[in-house]
Amino acid sequence: MVPLENYLVLSAILFSLGVYGVLARRNAVLILMSVELMLNAVSLNFVAFAAYLDPDKITGAIFAIFVITVAAAEVGLALAIVIRLFRNRATSNVDEAATMKW
Amino acid sequence: MERDYTLFIPEFIAAGGAVLVLAAELIYPKVRKDYLAYFTAAVALAWGISALFYIGNTVGNFQGVIQTDNFTTFFRLLGSGIVFVVALLSAQYMNRRTKTAGEYYGLLLLAGIGMVYMAAARELITAYIALELLSFSLYVLVGYLTKDNLSTEASLKYILLGAFSSAMFLYGMSLVYGITGTTYYDGIGAALADRSGDTDTAAVVGFMLILAGVGFKVSAAPFHMWAPDAYEGAPLPITAFLSTASKAAGFALILRLFTGPLAANADDWKWAIAALAAITMTAGNLIAIQQKNLKRLVAYSSIGQVGYMLVVIAAIGYGDRDTAQNASTGLLLHMVGYVCSTLALFTALTAYYNRTGKDTIAGLRGMAETQPFLATIVTVSLFSFAGLPFFAGFTTKLFMFQGSVTDGLLWLVALAVANSFVSLYYYLMVLRQVYLFDPEPGMSRFSVGPVLWVTGAALTLGVIFIGVYPGPVFEGAERATDPLFGVGVDAVDHAAMDHSH
Amino acid sequence: MTFDEAQGYVVLATLIAPLAAMLILFFVPGEQKTAVRYISLFFATLMLGASVYIFVAYQFEGPAFSVEGHGIQMEFKRAWVENTAFLGPGGITLRLGVDGISALLVLLTGVVAFAGTLVSWKLDYRTKDFFLLFWMLVAGVYGTFFSLDLFFWFFFYELAVVPLYLLIGVWGSTRKEYGAMKLTLMLVGGSALVWIGIFAVFNEAGLGTFDMPTLWAAGANGTLSPEFQKTFFPFMVIGCGVLAALWPLHTWSPDGHMSAPTAVSMVHAGVLMKLGAFGIIRLGIQLMPDGADYWMPALMVLGTVGAVYGAVAALTQRDFKLISGYSSVSHMGYVLMGLATMNSIGITGAVLQMFSHGVMTALVFLLIGALYDQAHTRDLKDFGGIGKVMPMWVVFYSIAGLANVGLPALSGFTAEFHIFVGTFKTYPLFGGLAIFAAALAAAYMLRMFAIVFFGPFNPRWSSLKDMTPHEYMAGALLIGSMVVMGVWWAPFTDRVAATVTLLPGMTS
Amino acid sequence: MNPEYSWLLAAIPAAMFFVIAFAGRYLPRGGDYLGVAATGASFVLFFALLPDFLDVFDAEAHVLAVAGSIEWSTIGDFELRMGVFVDPVTVVMFAVVTTVALMVNIFSIGYMKGEPRYYWFFAVLQLFVASMLMLVMADNLLLLYISWELVGVCSFLLIGFYWEKRSATEAAKKAFITTRVGDVGLLIGILVFWKETNTFNIQEIIHMAEGGQISETYLFVGSICMFLGAMGKSAQVPFHVWLPDAMEGPTPVSALIHAATMVVAGVYLTARMLPVFAVADHMLLIITIVGLTTALLTSAIAFAQTDIKKVLAYSTVGKLGLMFVALGSGSVTAAMFLLMTHAFVKALLFLGSGSVILGTHHNQEMDKLGGIWKKMPITGTTFFVATLALAGLPPLAMFWSEDELFAAAKDEWGLWALALAMLAVFATGIFMVRLFIRTFTGQPRDPHVYEHTRETPAVMTGPLVFLCVLSVLSGLVVFHGVGTALGFPGGISEFVFQHEPHRYEIDWALAIPSVLVALAGVAIGAFVYWGNDLRRSTALANAQPRAYDLIRNKFYFDEAYQYVIDRGVLGFSYLTSWFDRYVVNDTGVNGSAEVTGYAGSVLKLFQTGRLPNYAMAIAVGVIGLALAGLWLRG
Amino acid sequence: MATEVLWWIFASAIVAVSVGVVTARTVIHSAIFLILSLCGVGAMYIFLTVEFLALVQFLIYGGAVTVLILLALMLTRGGGTVTEKLNGPQAPFAAAAGVALLLILTTVAIDTAWPGDTDDLPDMITVTPISEGLFMDFGAPFVIASVVLLVALVGAIILARQEDD
């Protein structure tokens, strides 16, 4: 069988890639996508833990459902804001949305 | 009691009010926007009053995920109070800036509910969802001025970073779940206590990730960077809400988490909190010196305040149980004082902004001539922030730090005091504009509307009352922290324990 | 209500008077300047009367004087916050009272505040705000002298600093923004140190109370360990020392005084600086006797440096207020020296010096203000032969100056003499240096006299008027205080010494 | 009357000070009569008390003083008592002070007439008299110091009486500060003795010093310091510079304060403390040397002065030096005797010069005077007598006192001291005669001045005559017979003494050289300046130009001091001010503020406004915390 | 054994497409990679025997979220000009941070002594505990989550709507 650690490492890789994406990208939508990657890693983690360590109540899986729900809502809201930004400034590049600083 | 829905009555009121406000505009689009504000304030008032009935030593527990005890009640009162004031502040302000205000006030109430459940949650999923409820509402509220580039920019930064940090937070929770097999606080506490002594890299890293999540929420350095931008871009009343409710909620969550489930592993996180506290207060106060915009100044200053409050959390880690409760009590007291002062300040700024449209420090020039009453409020609140006596800040800070002092943490308290001294400089720079200069030509004396006048006066009196006679609030704060430490709680429902086997 | 309790209410009333004045003034329209003045004068008179009463009624011997009670009398006690969290029974009490030391300083406050009110009579710019803040300042000062609870002590100690920024910033002169900012920051910085010290003391004592006599007992019986005291004594003393112009943390004094308006300078140099020295007694000597034992030689060095340094620096200043500012540094140096002697003569002298310097320097600032209001310059070189147009002014200033120099029959001598005696007892060499500095005082004072008062008359100043009746009254009151103390000092020493001899670690 | 009432002597003028100071300007004639009445009352009271004093004093029973004191203040066991102590030394001082004060008060009515602040002059004069009397009857060093300072202030106020004149102001300042430097020593000395004996009471200190209860080092240090105070007050080299400048004050003030009374306070103090000084190592020798140096140096300077009052001032300093020589020789008798006779003579000379000044409408430069004896017969005559008296001619007063001095000096130190003292007397003769001749005789230098010169009124000449009588006769108290006739135990040497009384007898081996020296001085002076002819003296000056230059410029003392003050004291002050501004304030205080502000301006740069940077901060924070956590766990 | 091989194939694919998400040169490519990655994770849930969740994953993520993203991309015209560089200047540091985080999290995964049997999975996790948990134990958060969705809905409408200027 595939041990738990494999899932965890896979999740870690996805999470780190997501973090890389958030840090490296400058398109708001891409950043959002990277965040989704991270959230998926989290879900994977939860489900893996639930399946291996908490098979009776699988709280982790339930948590994952909440995470997915919230993530979906977050995407919707964030995209609305990106669209708003695009309307206001004709860009979705976050580096250009840097009027406020210091 | 497995499912005691009566525990939620205050929030039912608030949520019902929110739905009504949302619906009101749909049904009757021409409704006066300020009426909506006053209605919201009335709902908040009802909410707060209904919360009063929960004061006492009995603890209501909803399936182990939500607990209505004094701690919750405290934050209900605080939350409803903040919503009340912010709604009043918004009335005139939002009237001019938006055509649809129903959503604004609805979300305000919902954000308040999120805050309360962050404090009430005794389970990670609930805490997470409540946090997102608050966050989502705030993302929208910050960006509510859709035609304002700054508002949108602020909202974008806030939501993307918020999502990023909540991913971190979730990953941390998943690790904690992994080693404890449960999401209930009591279960986590028991499981961690069983495992304590082992080298749990997962626990350590998990704590740090959780810390990042809550640190973001309360804007602790280095997770604070969204705050100044969000504060600046947000509508003025929302800035007030951000710097009070959002922080209070974050600390409520932190207190529940760090005094309960994570307390046994204090060695793993206390140093981190101490470090964050030191960095946060120092960075906040030093950068604040350089600010020109009033909202940003308040943002950095509130970051500094967060640093002081984190001292308490560090004290919970470093000290024994008594110290932990003393410090937490101090934190709640300080929170009340800080909230009062901040809201008073924003009342004055809103009233001033409504009239002059100025939100830079230099814009306050000659305020003492044009509006002495507002100048007084600004003075009182800034002096309160700086921790000068007669005003809340002095007493609450003194109590908070005194409660936090342990032998190992004196250095941090000393640093906090030093920072508080530095902060005086930039507060004085504001007062310098207010008092030392004549108003710009063309500025004449104006009067303040009765709503803001009364609000400001009441808050100012509150600030002075807490500063001079802190006894009642302090005692209330202690009662509020009792449940965290199992003091005087007769009827703890240990249902939660059943879930954690 | 027994007589003693009734006296406690006198103390309470004295503390409440300035607060009441604030409250009433808050509701007086700002345009009613005359009303503002008379209300202030009324309260000032009240305070003066009460202060005199407190000083006179203080029993330094007989049954009323209790050694166990640290010589504290006229107590007023109300529970404030207790039995909550870290506060045990009597955690914070509004405990007021006077001992011999504070009785004298209360008198000083009454006198200077009264004089300050009279002097501010002609102030015409935002009169109401000025008096509002002024009474806040006075309330802070009174409160500090009365408080026997560490919380309230520090509360009032800080309260006295709160209004200074605005008082100086709005009504000040010469580089007022800089002076106000520096003064406020340095003073608050000092109290930050005190604050840290208070935290540490409360924590170390672990008694759950801020009650000062209880904590003093803890300091004396080793509950505050000697090591602890040695560590935290400097926090208290340096913190309070800033307010007492402890060298090298004194630079707010010249600049702050230069900028401050007359009445504020008076109260500030006259009374507020004494809070620092008073704090060293309360939080240093009384709270941490072991620490005091260990650190006092260092304070002696700093005090002496300050005394000499201030005098030397004053020699070549060209601004009246700078001279007074540096002279204050020098005189507060004497106070610190007196405290550092750790013998009853020296400390009594230090307390006398607080009073003496208080009235003297208040008078000096009063007079400088009277001149500056008309001349709009304070540069010595601009003047000459002022005695021709302002003879009474010159007489008053001369008396103040001679008191400054330490001339017998004026209070300065009485105080400095005791300090010198005390210093000689323990540190003869420093005593010698202090006396030398006193001679320098003669040099800078007479230099100023010679330049400004005497010599050929500069006709540019022929329009100058002599003192107004208000200033005259205020000045006469201050001079009266100086003369009484200079000639017949037993009433002062009796009261002060009765308490001083009870201080821990005191050699006779 | 009870001798303990002697405090009234001081109290009367003190009370009158307040009356005149506050009410004088509203009284007719400024209340000058009140002043005269006050000093007169003291004068009368003193002589009324004198028999009582004498009754109490009993040499046989070793009762030589009247003392009484009251408690003043107490701090623990530190008790201060204030009291009076009257012994023969005090009695002499009383006599001198009350007498001269009364004369000067009367004289001032005429002299100060029409001056501005007339009442103020009399007020301060009363304060001075009170303080001076208190000084000489103080039983403890604290009270003495208090009075000491008060007379200093009165001196300051009176020197600066004409404060509109820059020179008067400067002189007052100089006098005060110079004596103040000496006072530093005095106070240190007092405190050193207090530290060793725990008392301020003079008699107790003396007792303990003689009993060897004061350690040698402290004894020496204390004595030296105290003597510094005496030197400052009595204008001994190197503190002598203030006294000549003090002549800026009104002339009656010069007579009272700067000739007869205040300047002898140092002598009085030394006499009072002599038993202590005598125990200290080398102290007497030091006193003697200081006295001799002063006497010779200032006599030399007096040669080249042209201002009447300055000449007299230098002569005063010289005579004070001689008094110190007497003290250094261990003879309180000689010192006090000299003090008394000198007070009368010098008061007469000053009042005489005041008369001249007023009579010539404010001229005091010899170069403008000359030949006014005819115009001012009374003044001239009395001045002439006083000149001879000061020169030490028998049988005038000062001869006898100097005789005592010579005897003491010879006994104690031998011939060298005697010779030097006589040299000083010799010099006095020369410059006093020069002064007299150039002022009163010969042809008028300035006809205009001469024309307007007239004799002064009786209110001024009266005191002159009275003092002239004293100048002639007061020396005779040295004789046993005169003393007993006056009710004393005998001559002054049987009344005022330190260890044992002795009966005065003329020692011809000393008297003859003394007379010869005095005569020689007078003769040489008369020869050189006869007929107010300056050719001989000019030739003399030209013969030794460098020496003349030296004395003409007063040995450059003032210049040296000025240099030290400018470069040393003020330079140090400038340095300190600079240090205070730029190091302590700008660097220390502002610097730390700027560093804080700068830190803020650097830190804020992290807040770039770019979202990825913010996210990076979060990531770095998390990674840092996690790494730290892992590291801490090991 | 076959499961393991299959797992590794899937795992590698997921990593590969995820790398694609964060490195793709165009936004559309990224989005397509993201769909693949999300579906891969869904497959992982099947490996973990939580099929219900896999279903949720495919529906919500594979369906709703990606549709939203693609819609947004259309509305924002690909998020700006096509030629624009998608990576910011801080990419190298981002890579370093990613690697560091990966190391930390991998250490955590391997180093920790997880409580329980980490090698064995239950054969099948039915939907029953999930539904019980969701609707019974976690009823309260479920309700709150619905409010969150309401907020998101209202918020998205407010923010995205075209206000008549």
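**View 1. The two domains of chain E.** Chain E splits into domain 1 (1–80) and domain 2 (126–165), with bounds that come from an automatic or database domain assignment. Taken over C-alpha atoms, the centres of domain 1 of chain E and domain 2 of chain E are separated by 23 Å. Before moving on, please note that this is a predicted model, in which local features need pLDDT of at least 70, side-chain atom pairs count only at pLDDT 80 or more, and totals for chains, interfaces and linings use all residues. Residues are numbered from 1 along each chain as its sequence is written, while chains are lettered from A and ligands numbered from 1 in the order in which they are written.

**View 2. Chain A on its own.** Chain A has three helices and zero strands, where helices (H or I, at least four residues) and strands (E, at least two) are DSSP runs numbered from the N terminus. The radius of gyration of chain A, 17 Å, is well over the 13 Å that the globule rule gives for 102 residues, so chain A is more spread out than a compact globule. That radius is taken over C-alpha atoms, and the globule rule is 2.2 Å times the number of residues to the power 0.38. Along its principal axes, the C-alpha trace of chain A spans about 50 × 25 × 25 Å. Buried residues make up 83% of the 102 residues in chain A. Here a residue is buried if 20 or more other C-beta atoms lie within 10 Å of its own, exposed if 12 or fewer, and partly exposed in between, with C-beta atoms placed from the backbone.

**View 3. Where chain A meets chain E.** Among the eight pairs of chains that touch, chains A and E have the most contacts; two residues are in contact if their C-beta atoms, placed from the backbone, lie within 7 Å. Here 66 residues of chain A are in contact with 77 residues of chain E. On the chain A side, α1 (4–24), α2 (28–53) and α3 (59–89) each give two or more residues, and α3(A) gives the most, with 21 residues. The residues on this side of chain A divide into 47 nonpolar, 11 polar and eight charged. In this count, Ala, Val, Leu, Ile, Met, Phe, Trp, Tyr, Cys and Pro are nonpolar, Asp, Glu, Lys and Arg are charged, and the others, Gly among them, are polar.

**View 4. Chain C and its separation from chains A and E.** No contact joins chain A and chain C, and their closest C-alpha atoms lie 24 Å apart. Chain C and chain E also have no contact, with their closest C-alpha atoms 33 Å apart.

**View 5. Helix α8 of chain B.** At 1.5 Å a residue, the 18 residues of α8 (residues 201–218) of chain B should span 26 Å, and the end C-alpha atoms are 25 Å apart, which agrees. The expected span is 1.5 Å times one less than the number of residues in the helix. In α8(B), 18 of its 18 residues are buried. Ser219(B) follows α8(B), and its phi is positive, near 55°.

**View 6. An exposed loop residue in chain D.** Asp77(D) sits in the loop between β1 (66–75) and β2 (78–86) of chain D. Asp77(D) counts as exposed because it has 10 C-beta neighbours inside 10 Å. The C-alpha atoms of Asp77(D) and Asn198(D) are separated by 9.9 Å, although these residues are 121 residues apart along the chain.
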